[in-house]
There are 2 protein chains.
Amino acid sequence: MENYIFQAPTKVYFGKDQIKNLPDILSNFGKNVLLTYGGGSIKKNGIYDRVQELLKDFNVFELPGIEPNPRIKTVEKGAEICKANNIDVILAVGGGSTIDCSKVISAATYYDGNPWDLVIDSSKITKTLPLVTILTLAATGSEMNSSAVISNTEKNEKIGTHSPLITPKVSILDPEYTYTVPAYQTAAGSIDIMSHVIENYFNSTEGTYIPDRFAESLLKTVIKYCPVALIEPTNYEARANLMWASSMALSGIIGTGKKGSWTCHSIEHVLSAFYDITHGIGLAIITPRWMRHILSEQTVNKFVEYAINVWNVDPINKDNMEIAKEGIQATEDFFNSCGIPMNLGKLGIDDSLLDKMAHCAYEQGHFDDTYVKLTEEDIAQILRDSL
Amino acid sequence: MENYIFQAPTKVYFGKDQIKNLPDILSNFGKNVLLTYGGGSIKKNGIYDRVQELLKDFNVFELPGIEPNPRIKTVEKGAEICKANNIDVILAVGGGSTIDCSKVISAATYYDGNPWDLVIDSSKITKTLPLVTILTLAATGSEMNSSAVISNTEKNEKIGTHSPLITPKVSILDPEYTYTVPAYQTAAGSIDIMSHVIENYFNSTEGTYIPDRFAESLLKTVIKYCPVALIEPTNYEARANLMWASSMALSGIIGTGKKGSWTCHSIEHVLSAFYDITHGIGLAIITPRWMRHILSEQTVNKFVEYAINVWNVDPINKDNMEIAKEGIQATEDFFNSCGIPMNLGKLGIDDSLLDKMAHCAYEQGHFDDTYVKLTEEDIAQILRDSL
């Protein structure tokens, strides 16, 4: 087990109608609010109107239209609004994209250079506006952590930045706000949650019993409740457990004591950067192919643990390799059963940019530090297997 | 699932030699430090000397001799030192008793009345000194939460108080600092951890899948590592997992979405108040008796879940009541195997004050709000079964 620092400073208001606390929460920071959101679904489901009604005594400025893979141009736009209007606090209403974009806006407001600098070098983040979030999609965990991922379409880059200063001060998590999330996005978000857990779980640090059992708990949560939410979108228990799983998966709690870099996210980021696909879908396609690629005598024990503890694979009369393969197959079958298109071809992606993507992924990731080290050719092979 | 607020603001430095960060941590708060500790074990194992060496540029005042069940008189003494010397920060080095006492000192420093008021009415806690802790015993979870339990020997009362203002700002958790904890205290601390989890787990709120699986994870952690630590006191992996289990068990994370009051702690508190016994020992004795007392057709399903998921009881060819009873027996057998004296008689406690203790427990607890409601006679019966 490695030494670590743990803190979960975001104050989470979880449950039905917790939004009623919004005026009290925001008034701790000031009167001038930048309200950020995405494509406008919050106008259809009533959250926008509720926010406006609650903020009638505040000066509300708006940044709508944050993209699903939020762009650095949008960060610039937001920071300009903050600077021009003495914004006191940013209120992000949406999923991970809106929150991630708002995190970097909060830092860019106090940075005079190009905001992309803050993405590629987080040490340049030295001061931020306070950020409050209202979550509308269970997926990225951005509502309770210190990370943000931003795309630069000019450079075909999608890069994560990390700083305790961008952690939300308060997050309002009302599971009912995810009732209107369509099935496809519910599935993609659920697999994003699972991927965060899997990236932490497949790790070579020894002795991390607690985060490993917590990880299995969260995977079982998604396996239990994602199918329920797909069939019954207004099932509170399912939406609530998925939402809390989202926050827990990436709050740091299941990474305690572990070291090393992530694999599938680094590969998926180039897919999103080149083809602007939904993050969770890319992860669903890549993950089982990566698992098969790295399965070996060296890794089989971890896969056996995963198969038995997460997927309840019956180990009787099977050798370790068989058990491990059943666990991987169960993973792929589950993603498939959630309605995910499980090949890149189904997203219109062919092999034309494959080597270029593998090269970019290798350059941007840290594949000498992942659970199993990967070469550029390994990444190309995983992408090829995903076609 | 109930609405809830979650936050884990304590910054935890976990691992080997994290104490090296102490000067940087304390200098955020000021130069005048009140160092609090217990019976002096930190002088034997070298932690005291290391702290003094690290704090050579600070003005260090001391409050030694904090009792295992810390007393309100000691709180008064600590607050007087803080007031007289413009203390900027309290550094508690010890287990839950030292930390609990220091928490109430931090509040009493800014309170002009009798500090016992702060224990019986936490709304009177309005301002506190910052508190930094160095943990030397895995047990109470006080290092990462907002609770403190104080005894008033004049009144035979042992009462908990709760306020976010008394939560430690920083806690240093070095598993090596628990290498010298004797077997009996290691066992008692481990059972205290398990009891915190069990009190949260046996709860009638529906739909709390994540905290329930997390709870099982922590129970399995103690079941796996307590026996290792008893045989091999310097096994880092065992000590580290027990230490982190201590913090996680009472950080709020396994209580999310649940309502209701605790049972065994309220009964044990009167035992400690009347006989000054070790908290974890009292809990070990009471818990299986309480479980048997409340086992019924109404509660059997929860006990079946507990037996299978925590104790790996094989359910094949058994009815639910048998499975439940096996889980309870496994609990008692485990406590016994850790070397705990499993009867009150072994601690020199007979039935002479039994009815009085049952009456006090009933008056001080909230037994109409526990997993299964208890009457005063129920409590007396559980105590009688524990003799």
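## Basis of the model

This is a predicted model, in which local features need pLDDT of at least 70 and side-chain atom pairs count only at pLDDT 80 or more, while totals for chains, interfaces and linings use all residues. Residues are numbered from 1 along each chain as its sequence is written, and chains are lettered from A and ligands numbered from 1 in the order in which they are written.

## Where the chains meet

In chain A, 33 residues are in contact with 33 residues of chain B (contact means that C-beta atoms, placed from the backbone, lie within 7 Å). On the side of chain A that touches chain B, β1 (4-14), α8 (209-231) and α9 (236-249) each supply at least two residues, and β1(A) gives the most, with 11 residues. Helices (H or I, at least four residues) and strands (E, at least two) are DSSP runs, numbered from the N terminus.

## A sheet across both chains

Strand β1(A) is joined by seven bridges to β1 (residues 4-14) of chain B, and the two run antiparallel; strands pair if DSSP finds at least two bridges between them. Within this pairing, A:Phe14 has B:Tyr4 as its bridge partner.

An open sheet of 12 strands with mixed pairing runs in the order β3(A)-β2(A)-β4(A)-β5(A)-β8(A)-β1(A)-β1(B)-β8(B)-β5(B)-β4(B)-β2(B)-β3(B). Because β3 (59-63) of chain A and β3 (59-63) of chain B stand at the edges, each with a single partner strand, one side of each is left without a neighbour in the sheet.

In chain B, strand β2 (residues 32-36) pairs with β3(B) in the parallel sense over five bridges, and B:Leu35 stands opposite B:Glu62 in β3(B).

Conventions
Two residues are in contact if their C-beta atoms, placed from the backbone, lie within 7 Å.
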